[in-house]
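Hi,

Here is the structure I promised to send over. Have a look at it first, and then read my notes below.

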Amino acid sequence: MASDVDTTDHTATNAGFAVGDSGVLVIESLSNGRLAAQVIGEVRKATPLPIRFLVNTSFHGDHCFGNFAFPAQTVIIHHEATKRVIDERFEQDRAFMIDLLGPNAGIEEAVARSADVTVTGSCSLDLGGKHVDIEHIGYAQTDGDLVVRIREDNIVFVGNMLQAPPPAFPWLLEGRADEALVTYRRLHDILDDDTLIVPGHGRTMRRADILHSITYLEKLINLARDAQDSKLPPDQAREALAMREYSDYSMYEFIHFQVNIPAVLSPQ
C-alpha cells in the first residue's frame with residue numbers, strides 16, 4: 001500500500017496491489033504520472049511480473065489521473081458509471097483538480113484513460129493463486145464506487161466509501177445520505193472481523209470501525225428530518241445538526257458544515 005501524504009487522522013489517496021503467479025493487479029493510480037510511477041516502482045520491488053489489471057474505485061482524479069502512466073497492455077477496470085464520467089467530463093475534472101491542488105501538482109500532464117472493461121455488479125479475477133473480487137454494492141460517494149477484495153489475504157480496498165478510520169466520517173459530496181447509509185450497512189454485513197480494510201484516505205481499519213460512519217449518518221439523517229419537520233430556519237437547523245461529538249475529526253468544520261449538512265437539508 002502507498003499513500004501520498006500524512007496528516008494526523010487523514011492521508012492522501014491510498015493505493016495497493018495484489019501479486020499472483022501470473023501477474024499483478026493494482027488498485028488506484030493516484031493523481032499524476034509521478035505518483036503512478038512510484039506505485040509501479042513499488043510493484044517492481046516485489047515482482048517482475050506484468051501489471052495485468054488496474055482498478056479505479058471511483059472517477060475522482062486522485063484515484064485515476066495516473067492511469068495514463070501504466071503499460072498499454074494493462075487492462076483498466078471501472079464501474080460503468082466511472083467510465084462514463086471520465087469519458088465525458090475529464091477536462092472539467094482536471095481543471096477542478098488543478099484549482100484544488102495548484103499548478104505544480106502534475107495534473108496538467110494527465111491524459112484521460114478510462115476502462116477497457118466495466119463492472120456493474122461483480123466479477124472475479126484469477127492472478128494465479130491469488131483471487132481478486134471486484135464488486136459494486138451500492139452508492140456511497142459516487143455511482144461507481146467499487147470494493148476490491150484480495151480473497152486469500154482478506155484485504156479489502158473500499159476507496160472513498162470510507163475516508164479513514166474514526167474520527168473520520170463520510171463525505172456526502174453528491175448527497176443521497178439515505179442511499180449511502182444502506183451501502184455502509186451492507187459493507188459492514190459482507191465483511192468479517194478479521195478483514196483488513198484499506199480506506200480511500202487513511203490508515204487501515206477493521207469492520208467495527210464502519211459502525212462509526214453508520215452511527216454518524218443515522219444521527220445526521222434523523223436530526224435533519226427533525227429540523228425539517230420543525231421548519232427550523234437555516235441558522236437554527238445548522239446548529240441543531242452541529243453534532244460536536246464528531247469535532248475531533250480534522251475535516252469536521254469543512255465537511256460536516258459545508259458539505260454534509262447542506263446535503264441532508266436540501267431536497268433529495
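A term to start with: two strands count as paired if DSSP finds at least two bridges between them. Helices (H or I, at least four residues) and strands (E, at least two) are DSSP runs, numbered from the N terminus. Keep in mind that this is a predicted model, where local features need pLDDT of at least 70 and side-chain atom pairs count only at pLDDT 80 or more, while totals for chains, interfaces and linings use all residues. Residues are numbered from 1 along each chain as its sequence is written, and side-chain values use heavy atoms, with hydrogens and water left out.

Phe17 has Val26 of strand 3 as its bridge partner, and the two strands make a hairpin with 4 residues between them.

In a regular strand the side chains alternate between the two faces of the sheet. In strand 3 (residues 24–27), Val24 and Val26 sit on one side and Leu25 and Ile27 on the other, and all are buried (under 20% relative accessible area, with a 1.4 Å probe and protein chains only).

Now the nonpolar cores, meaning sets of buried Ala, Val, Leu, Ile, Met, Phe, Trp, Tyr and Cys residues joined through side-chain atoms within 4.5 Å. The largest has 42 residues, and Leu172 is one of those that touch the most other members. Strand 10 (155–159), helix 4 (177–190), helix 5 (210–229) and helix 7 (252–265) each give it two or more residues, with the largest share, 8 residues, coming from helix 5. A second, separate core of 16 residues includes Leu25, Ile77, Val119 and Val132.

As for the whole protein, there are 7 helices and 11 strands. The radius of gyration is 19 Å, close to the 18 Å from the globule rule for 268 residues, so the protein is as compact as a globular one of that length (taken over C-alpha atoms; the rule is 2.2 Å times the number of residues to the power 0.38). Of the 268 residues, 54% count as buried.

Cheers

Notes: Buried means under 20% relative accessible area, exposed over 50%, partly exposed in between (1.4 Å probe, protein chains only).
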